[in-house]
Amino acid sequence: MSPQTVLRSKPKIHYPDSDGRPMADNTLQFQWIVTLQGGLDAMFRDDPDVFVVGDLLWYPVEGDNKLCAAPDALVAFGRPKGYRGSYKQWEEAGIAPQVAFEVLSPHNRWSDMMETFRFYERFGVDEYYVFDPDKVELDGYLRHGDRFEPIERIDGWQSPRLGVRFDLSSGDLQVLRPDGRPFATYLELAAQNDRERQRAEQERERAERLAAQLRALGVEPAG
């Protein structure tokens with residue numbers, strides 16, 4: 001009997017969509033994560049090739065489902081928008097997220113933060129920002145070759161990739177878009193929308209009153 005070759009397929013590797021950890025430990029940390037991710041997403045909403053997301057697992061190496069990180073916010077230029085359960089770099093044309101943000105809580109350990117720093121440095125992040133909202137401290141790192149170098153003067157710094165500027169002069173962090181508008185919380189955006197709707201309603205009422213006055217004088221309003 002001739003020997004038979006038994007072909008066995010490689011077991012399929014599962015890449016979990018969650019690491020089982022909460023996105024935030026407190027309301028302040030959560031608010032900043034949502035504000036940063038939402039502000040960046042809104043800023044690039046008209047560019048189909050900029051992917052912005054928060055708390056999504058990023059797997060840089062195919063075949064290794066233990067090697068991963070979940071930035072509080074990440075931006076990947078050159079990648080389309082759309083649903084993902086995780087960011088598998090080999091399915092994203094090999095493109096690593098170029099910008100990553102982490103928002104700290106009092107529970108973050110120095111060893112964990114150094115591990116995260118080394119991960120982003122090793123796997124190709126160009127800009128890395130770490131914000132402590134309790135202390136109102138922002139640190140930034142910029143890639144030089146295969147290493148991160150600290151940004152010496154972060155107050156007033158403008159991100160080369162994002163175009164946003166970081167302002168700490170008020171005693172709190174403001175992230176300013178290239179047009180000068182600050183990132184806002186959901187409640188601040190809702191209040192802005194309410195004010196805009198109120199102004200629009202006032203303008204409509206004024207126009208209706210003017211039209212009624214003109215008709216009273218026998219003049220039909222244009223339009």
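## The cavity

Strand β6 gives the largest share of the lining of the largest cavity, with 3 residues. This is a predicted model, where local features need pLDDT of at least 70, side-chain atom pairs count only at pLDDT 80 or more, and totals for chains, interfaces and linings use all residues. Residues are numbered from 1 along each chain as its sequence is written, and side-chain values use heavy atoms, with hydrogens and water left out.

So what's a cavity? On a 1 Å grid over the protein atoms alone, a cavity is a set of points where a 1.4 Å probe fits but cannot get out, while a pocket is an open set with protein on both sides within 12 Å along at least five of seven lines; lining residues have an atom within 4 Å of a point.

The structure holds 1 cavity of 30 Å³ or more. About 40 Å³ of space lies in the largest cavity, and its lining includes Leu36, Phe101, Glu102 and Tyr129. By class, that lining has 8 nonpolar residues, no polar ones and 1 charged.

Now for the open space: the largest pocket has a volume of about 880 Å³. It is lined by 31 residues, and the closest to its centre are Asp19, Arg21, Ala70, Asp112 and Thr116. The elements giving two or more residues to this lining are β5 (99-103) and α2 (110-122), and α2 has the largest share, 6 residues.

Terms used:
Grid points are joined across faces, edges and corners, and a volume is the space filled by probe spheres set on the points. Helices (H or I, at least four residues) and strands (E, at least two) are DSSP runs, numbered from the N terminus. Ala, Val, Leu, Ile, Met, Phe, Trp, Tyr, Cys and Pro count as nonpolar, Asp, Glu, Lys and Arg as charged, and the others, Gly among them, as polar.
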